[in-house]
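Please keep the sequence and the structure in view while reading.

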Amino acid sequence: TGLVTVDPGFMNTASCSSEITYIDGDNGILRYRGYPIEQLAQQSTFLEVAHLLIHGELPNADQLASLNNRVSRHMHLHEGMKAFLNAFPRDAHPMAVLSGALSALSTFYPESVGRGDYEIELATVQLLAKTATVISYLQRRGRGGDLIEPRRGGHYVDEFLRIAFSDGSGEVDIDPEVRRAVDLLLILHADHEQNCSTSTVRIVGSSQANIYASVAAGVTALSGPLHGGANEAALRMFDQIKESGDTVEQFVAKVKDKAEGARLMGFGHRVYKSYDPRGAVVKGVADTVLEKLGGDNQTFDMAKRLEEIALSDEYFIERKLYPNVDFYTGLLYSAIGFPHTMFTPLFALGRMPGWIAHYREMMHDPRTKIGRPRQIYTGVVERDYVPMEDRE
Ligand code: CMC
């Protein structure tokens, strides 16, 4: 079987080739299908980017309208799905509910389960639509509200925010700048090539598991604090620094000491060895949005100070640790009105088009084989069974 070498964390092993996303980690470059992230963040909308990632090209006006319509028509949830969501405690972590919900969706929409073009296209629309509904419902439920029906024909982000934040009347006044910020955050999260969750989606899908099961596994991978869970962990870290009474300098010293295993959450990246271009965009909009919403400027100032200290410190310079996308996003989500536990579900909503695009690319790649890494066995070579009475 040839030479097997161990590569923990796949630091140097490519699992596939892909045409979807390009990253140059040394120079802080991120492009979706060749388009720079900065241009997409500034000029496009989330569904446009979803079309770009999934189908390879920016949609023309008709294609975008059609995607919008199809997604909007599928935002409602089956009564059984609502019962499923209502069965969890109101304070259940939404990432746990979300992965269960995405897997469960396949049972309500069997006509979209399969690997044919029709099924995959329908599942794509169902997942884009229903992930938004599930997450906005969970936000609503967490605040003690009852579920409300999605409306057809609305703009994706508007409808998401309406379900999440409207009062009993079903109406809510969303500031256009907030809506734009949410659109932009979703775009920034839409894909990031072979990260932990996307690789999980591909490896699960490589067994020919259906797309719902595969993206549900992606959600569970995303939930960890070293991956998508870092946005929630970063805000908790800011809170802890404030509560501890430590100065920012004292906290950074603890991180460098590694004594309590503390890391600067929202810092560092496997691929970026320079400023994460997504982090730069988020930091740029945070100023305006926090100003507009009267957000937590004290925490924002503290985060900026943490960044400043870290970027001029030998420990972080040597290891090329810069803020990543998760460092500032929590501050924005918080200012918009999302509790800490909703930050990672928002990341999942953004990442959905990327997971779908990778599942589809993998499915159509004739070189795809079931993901099955090797290992090097280091245990006992062979020994005879020991009867119970002879064991120590
Ligand atoms: N704070 C302090 N030290 C760090 C940090 C950090 N955030 N990140 C890495 N290091 C140190 C690490 O201790 C190691 O030091 P040494 O060489 O002395 O042992 C060195 O830098 C290399 O770290 P690593 O853990 O080998 O790097 P990795 O590529 O395996 O891990 C990472 C990448 C993102 C998991 C890691 O940087 C980290 O844990 N960051 C904090 C969590 C975080 O913000 N995750 C979000 C990533 S971006 C969005 C996403 O993917 O969801």
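## The second largest pocket

The second largest pocket has a volume of about 210 Å³. On a 1 Å grid over the protein atoms alone, a pocket is an open set of points with protein on both sides within 12 Å along at least five of seven lines, whereas a cavity is a set of points where a 1.4 Å probe fits but cannot get out; lining residues have an atom within 4 Å of a point. Grid points are joined across faces, edges and corners, and a volume is the space filled by probe spheres set on the points. This is a predicted model, in which local features need pLDDT of at least 70 and side-chain atom pairs count only at pLDDT 80 or more, while totals for chains, interfaces and linings use all residues. Residues are numbered from 1 along each chain as its sequence is written, and side-chain values use heavy atoms, with hydrogens and water left out.

The lining of the second largest pocket consists of 17 residues, and those nearest its centre are Arg90, Ala92, Pro94, Leu138 and Gly142. At least two lining residues each come from α5 (94-108) and α6 (117-142), and α6 provides the largest share, with 4 residues. Helices (H or I, at least four residues) and strands (E, at least two) are DSSP runs, numbered from the N terminus. By class, the lining of this pocket has 9 nonpolar, 4 polar and 4 charged residues, where Ala, Val, Leu, Ile, Met, Phe, Trp, Tyr, Cys and Pro count as nonpolar, Asp, Glu, Lys and Arg as charged, and the others, Gly among them, as polar.

## Aromatic pairs and charges over rings

Rings of Phe, Tyr and Trp (its six-membered ring) pair if their centres lie within 6.5 Å; planes under 30 degrees apart count as stacked, over 60 as edge-to-face and the rest as tilted. By this rule there are 12 aromatic pairs. For Phe300 and Tyr328, the ring centres are 5.7 Å apart and the planes stand at 80°, so this pair is edge-to-face. Because Phe300 belongs to helix α14 (residues 297-311) and Tyr328 to helix α16 (residues 326-336), the pair ties together parts that are 28 residues apart in sequence. Phe300 is buried at 1% relative accessibility, and Tyr328 is buried with a relative accessible area of 1%; buried means under 20% relative accessible area, exposed over 50%, and partly exposed in between (1.4 Å probe, protein chains only).

Tyr328 also forms an edge-to-face pair with Phe327, with 4.9 Å from centre to centre and 85° between the planes, and Phe327 is buried, as is Tyr328. Ring pairs link Phe238, Phe267, Phe300, Tyr315, Phe316, Phe327 and Tyr328 into a cluster. Over the face of Tyr315 lies Arg319, at 3.8 Å from the ring centre, while Lys130 lies over the face of Tyr109, at 4.5 Å from the ring centre; a charge sits over a ring if NZ of Lys or CZ of Arg is within 6 Å of the ring centre and within 35 degrees of the ring normal.

## Cysteines

How many disulfides does a search of the whole structure find? The search finds 0 disulfides, a disulfide being a pair of cysteine sulfur atoms within 2.5 Å. For Cys16, the nearest cysteine sulfur is that of Cys196, 14 Å away, which is too far for a bond. Cys16 is partly exposed at 26% relative accessibility, and Cys196 is partly exposed at 48%.

## Two cavities

There are 2 cavities of 30 Å³ or more. The largest cavity has a volume of about 40 Å³, and the residues that line it include His51, Leu67 and Glu121. Both α2 (46-55) and α6 supply at least two residues of this lining, which divides into 5 nonpolar, 3 polar and 1 charged.

The second largest cavity has a volume of about 30 Å³, and it is lined by Val182, Leu185, Leu186, Tyr333, Ile336, Phe338 and Leu346. Two or more of these lining residues come from each of α8 (176-189) and α16, with α8 giving the most, 3 residues. By class, the lining has 7 nonpolar, no polar and no charged residues.

## Positive phi angles

Most residues other than glycine have a negative phi. Gln208, which is not a glycine, has a positive phi of about 70°; Gln208 lies in the loop between α9 (196-205) and α10 (211-222) and is exposed at 53% relative accessibility. Lys320, also not a glycine, has a positive phi of about 55°; Lys320 lies in the loop between α15 (314-318) and α16 and is partly exposed, with a relative accessible area of 43%.
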